[in-house]
Amino acid sequence: YHGILRKGQNPLFAFALDFACLCARANGVNFKGLTPYEKKKYVWKMLYIYMLGYDVDFGHMEAVSLISAPKYPEKQVGYIVTSSLLNENHDFLRLAINTVRNDIVGRNETFQCLALTLVGNIGGRDFAESLAPDVQKLLISSSCRPLVRKKAALCLLRLFRKNPDVVNVDGWSDRMAQLLDERDLGVLTSSMSLFVALVSNNHESYWSCLPKCVKTLERLARNQDIPQEYTYYGIPSPWLQVKTMRALQYFPTIEDPNTRRSLFEVLQRVLMGTDVVKNVNKNNASHAVLFEALALFPPSNIEGLTCIVCKDFILVMVVPWYVDVILQLIDKAGDFVSDDIWFRVVQFVTNNEDLQPYAALKAREYLDKPAIHETMVKVSAYLLGEYGHLLARRPGCSPKEIFSIIHEKLPTVSTSTIPILLSTYAKILMHSQPPEPELQNQIWAIFSKYESCIDAEIQQRAVEYFALSRKGEALMDILAEMPKFPERQDPLWKQSSLIKKAEDTEADTAEQSAIKLRAQQQSSNALVVTDQSPANGTPPVSQLSLVKMPSMSSENHNTAEQGVTQANGTLSVVDPQPSSSSPGLLGDLLAIEGPPGVAVQSEHNLVSGSEGALDAEDALALAPVGEQANTVQPIGDIAERFNALCLKDSGVLYEDPYVQIGIKAEWRAHHGRLVLFLGNKNTAPLVSVQALILPPTHLRLELSLVPDTIPPRAQVQCPLEVVNLRPSRDVAVLDFSYRFGTNVVNVKLRLPAVLNKFLQPIPVSAEEFFPQWRSLSGPPLKLQEVVRGVRPMSLMEMASLFNSFRLMVCPGLDPNANNLVASTTFYSESTRAMLCLVRVETDPADRSQLRMTVASGDPTLTFELKEFIKEQLVSIPTALRPPVPVPTPQAQPTTSPAALSSDPGAMLAGLL
Amino acid sequence: MIRAVIVMNDKGKPRLVKFYEFQPVEKQQELIRSIYGVLCSRAEKVSNFIRADSILGPDARLVYKTYATLYFVFIFDTSENELAILDLMQVFVEALDKCFSNVCELDIVFNFNKVHSILDEIILGGQVIETSSSEVVKAVEEAYRCSSSNSSFTPVVN
């Protein structure tokens with residue numbers, strides 16, 4: 001035992017020592033002398049230690065020897081431990097072959113099972129040679145119990161896979177056909193696995209089994225003769241369905257029309273019957289079957305498949321999969337794919353940024369195929385035109401290569417496709433900057449060729465693209481990437497029913513609220529309807545007040561949303577009455593006196609589109625503000641908390657008796673990562689928790705999922721990603737609501753993702769400062785203003801105020817001691833890193849006024865920064881700001897009045 | 001085929017390891033460690049499926065699910081349907097639950113042998129043998145009844 005002892009690893013050492021002592025005590029040195037209990041115990045321990053990662057290289061013999069023990073407990077240990085510790089080439093295994101064979105041909109079913117399991121797990125050539133015929137006999141024996149036969153099937157499969165030359169399966173097609181008639185689903189499942197292996201090897205020999213497989217599927221799909229214990233969440237043995245469909249995939253065609261029809265019926269049943277339900281396990285099972293069914297769908301019957309495309313559940317499914325399926329569908333059966341369907345792919349890809357490179361790559365791959373359907377040419381051309389540039393670094397994906405592979409298809413397509421190709425060429429041209437002269441000439445030649453085309457559409461495009469592409473810059477604007485599609489305008493999306501479905505199933509699960517949240521976010525102009533509570537007993541001015549959320553993509557105000565546009569029209573009629581009469585929580589609501597008809601109408605469009613009666617409830621479900629809203633008082637001053645958070649990166653944003661919202665932020669260049677800490681202060685759960693972000697147009701905000709319920713005394717962390725797109729002083733708002741007991745609380749909180757968070761102080765020397773300062777010569781890049789009503793503060797205080805806002809004061813630059821010069825870098829997606837310079841000239845005789853000059857390379861930035869600094873100098877906190885500070889369009893040279901009025905998020909933030 | 005079934009706790013300690021293709025013990029441990037590394041750094045609301053090519057060679061997939069303190073991990077290749085494997089995992093857990101009524105990590109530790117028997121009734125040689133948890137439990141109970149005279153044994157854990 002010295003060899004064992006030297007190992008020295010702790011548990012192994014202890015075990016080995018224990019083992020050795022025990023053996024020694026029993027009868028000198030022999031394992032055989034131990035009691036059955038001791039043998040069993042030590043061999044189990046060995047396996048356990050092996051599992052923990054210690055290389056147990058002793059005791060193998062003992063484990064193998066237990067296989068021949070007469071009683072089940074020891075035998076079981078022997079078999080299980082042997083099959084875990086040894087591999088098929090281990091010498092000790094040969095010693096056991098005879099015992100294993102005796103167990104297999106013996107009468108004891110339990111022993112048969114153990115032996116078959118061992119062989120099925122680690123059986124090698126020796127086992128195959130001596131045992132295969134016996135195992136085959138067991139499998140087809142009519143006297144054997146299913147318990148044994150199913151193991152025999154898989155045991156045979158293992159032997160066949162490892163040594164196909166040894167296991168004779170000639171003439172097995174008849175036996176296999178017989179096996180597939182099996183009624184016991186356990187035996188049928190393992191037989192099907194065996195069948196898949198045999199068919200994958202050689203499907204020619206097993207044609208006779210094909211109708212049996214279809215029959216099995218029929219039996220399952222119709223739920224005939226399926227015992228209860230094999231239905232999994234109401235689905236008859238999904239595993240067997242999947243396996244059977246896998247087997248069928250190995251047959252290239254189905255000759256017999258009857259079989260084909262039956263299969264088609266089954267598949268159709270699967271497709272139509274699959275739906276999204278609340279139970280995750282059930283969804284998994286039904287989609288497992290669905291995916292196999294899709295893979296199997298015979299191209300000749302593909303029209304049946306198109307129906308699936310309209311199904312809602314696709315929305316919930318993995319998105320790349322959807323694109324894959326549709327592209328496959330087009331590839332295999334383009335004739336049956338209507339334009340609707342490929343439009344939808346395009347729409348889907350356009351609206352899912354993550355998907356764009358993937359879709360472009362897929363499209364590129366399909367173009368390599370020798371003959372592709374015209375619809376595929378259309379989709380691929382469209383996708384590559386829009387997103388081909390995302391692939392630029394891949395081999396075969398340079399603009400030139402993409403162009404030539406698409407252009408190859410041009411002679412084969414009909415006139416309806418040519419305009420799409422022309423657009424693609426124009427887009428390729430636009431994306432290849434600087435233009436390659438050769439490619440440019442080639443494309444121009446094509447445009448000029450089609451300028452005289454008889455088809456008006458083609459002619460028009462050719463003429464326009466030709467003219468535009470010669471203008472350079474203009475081409476960029478017009479051909480810029482397509483904006484996202486407003487999904488709710490597409491009746492085919494049936495988004496409404498998705499929302500409703502989510503609500504029907506008592507949307508408690510996180511998944512469902514995710515769907516709901518996504519649905520709300522996707523409709524970019526979602527309306528929040530709030531039940532205005534009458535303040536001080538005065539009758540409400542209007543029952544419903546509309547708050548329009550800022551559109552995330554402002555491009556899509558078009559004809560289909562007249563109801564909303566109308567609401568937009570009345571948006572400027574801000575009635576200050578309700579807000580001033582209840583200055584608390586509801587004061588911040590933007591109340592619009594719109595005709596109720598409009599409200600209902602637009603809500604109708606958005607949410608349901610069918611049953612009007614439900615609308616009011618639906619609407620309320622979106623953002624309920626109950627009557628007791630103002631009975632819950634916030635702790636501490638919300639505005640003060642916000643102002644404090646503008647200067648530091650962590651702290652409490654809001655607190656009331658039930659909830660505390662903390663915030664922690666990190667800023668890097670134009671990115672920010674905030675974490676909201678939602679803490680439930682009580683011993684009862686907070687329910688109906690909702691957090692919506694009302695983002696101003698210059699920020700891209702992404703809030704991770706907020707759970708519907710916060711458990712007692714628990715804190716939930718919700719990360720919020722922020723991207724600064726443009727300079728702006730508008731503030732993002734968090735619309736937070738929850739229910740506690742009968743109290744429904746809704747608060748709207750400004751988020752401290754403010755302009756100065758995207759500043760990075762930078763020291764500037766005199767040599768750097770003055771040339772910059774002079775090069776930015778005047779408006780709009782350099783703006784000067786005399787500010788009056790400045791809070792009295794010393795120059796020192798002002799300098800530290802500037803520093804706290806990340807404007808770095810550079811002492812000594814200005815010769816006049818009463819002046820102050822500061823510099824900083826501003827980060828946003830549009831401006832990138834941009835240097836900003838500030839100069840403040842004060843009058844020691846009158847501290848209430850000063851002259852301020854701000855300069856940067858971007859006019860908007862200059863203006864916004866100047867206004868921002870002014871706000872800080874004039875007043876902190878905001879007490880001096882006008883009660884309803886509607887931004888005056890005239891004061892903002894860069895923002896059009898139209899853009900302002902369509903961005904009520906900004907107005908809302910202003911009201912806070 | 002299914003290549004391996006691993007049950008480990010949230011500290012990365014293996015509780016059940018079964019490879020259907022032989023792997024030397026060092027390799028097994030390396031796999032378990034790297035899988036644990038992947039799992040414990042994964043966010044909560046992400047897919048249960050992971051491509052495991054880098055860990056287990058070409059076309060290996062990994063499905064995992066967390067039940068209380070335990071990770072259940074199945075490793076398999078492209079010949080299996082991922083969602084079906086997820087179902088199978090559910091069957092396995094249901095079977096454990098029926099055997100130990102409200103199964104917990106300790107049950108798996110102290111009934112190591114029985115857990116192995118249950119797994120052997122569900123998967124054989126990397127192929128699925130039975131998908132009905134009640135059939136599985138029936139088979140296991142039956143086998144153990146045969147040996148009831150001597151069944152008080154439970155392995156002791158270090």
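What span should the 16 residues of helix 8 of chain A have at 1.5 Å a residue, and how far apart are its end C-alpha atoms? The legends below refer to a predicted model, and the first of them takes up this question.

**View 1. Helix 8 of chain A, residues 125–140.** At 1.5 Å a residue, the helix should span 22 Å, and its end C-alpha atoms are 22 Å apart, so the two values agree. The helix bends by about 60° at Leu131(A). A proline, Pro133(A), follows within four residues of the bend.

**View 2. A salt bridge between Arg125(A) and Asp165(A).** The side chains meet at 2.9 Å, N to O. Arg125(A) lies in helix 8 of chain A, whereas Asp165(A) lies in the loop between helix 9 and helix 10, 40 residues apart. Arg125(A) counts as partly exposed because its relative accessibility is 37%; Asp165(A), at 57%, counts as exposed.

**View 3. A salt bridge between Glu182(A) and Arg149(A).** Here the N to O distance is 3.0 Å. The pair joins the loop between helix 10 and helix 11 of chain A, which holds Glu182(A), to helix 9, which holds Arg149(A), and the two residues are 33 apart. Glu182(A) has a relative accessibility of 15% and therefore counts as buried. Arg149(A) is also buried, with a relative accessible area of 11%.

**View 4. The interface of chain A and chain B.** About 5000 Å² is buried between the two chains, and carbon and sulfur atoms give 58% of that area. In chain A, Tyr48(A), Met51(A) and Trp239(A) lose the most area to chain B, together 15% of what that side buries. The contact involves 61 residues from chain A and 56 residues from chain B.

**View 5. Polar links across the interface of chain A and chain B.** There are 16 residue pairs in polar contact, and the count of salt bridges between the chains is four. In the salt bridge of Glu130(B) with Lys150(A), the closest N and O atoms are 2.4 Å apart. Several helices of chain A give two or more residues to the side that touches chain B, including helix 3 (36–51) and helix 13 (238–248). Helix 3 gives the most, with 10 residues.

Key
Residues are numbered from 1 along each chain as its sequence is written. Chains are lettered from A and ligands numbered from 1 in the order in which they are written. This is a predicted model: local features need pLDDT of at least 70, side-chain atom pairs count only at pLDDT 80 or more; totals for chains, interfaces and linings use all residues. Side-chain values use heavy atoms; hydrogens and water are left out. The expected span of a helix is 1.5 Å times one less than its number of residues. The bend at a residue is the angle between axes fitted to the seven residues ending there and the seven starting there. Contact means heavy atoms within 4.5 Å. Buried area is the accessible area (1.4 Å probe) that two parts lose on being put together, summed over both. A polar contact is a pair of N or O atoms within 3.5 Å; within protein, one must be able to donate a hydrogen and the other to accept it, and residues adjacent in sequence count only if both atoms are side-chain atoms. Buried means under 20% relative accessible area, exposed over 50%, partly exposed in between (1.4 Å probe, protein chains only).
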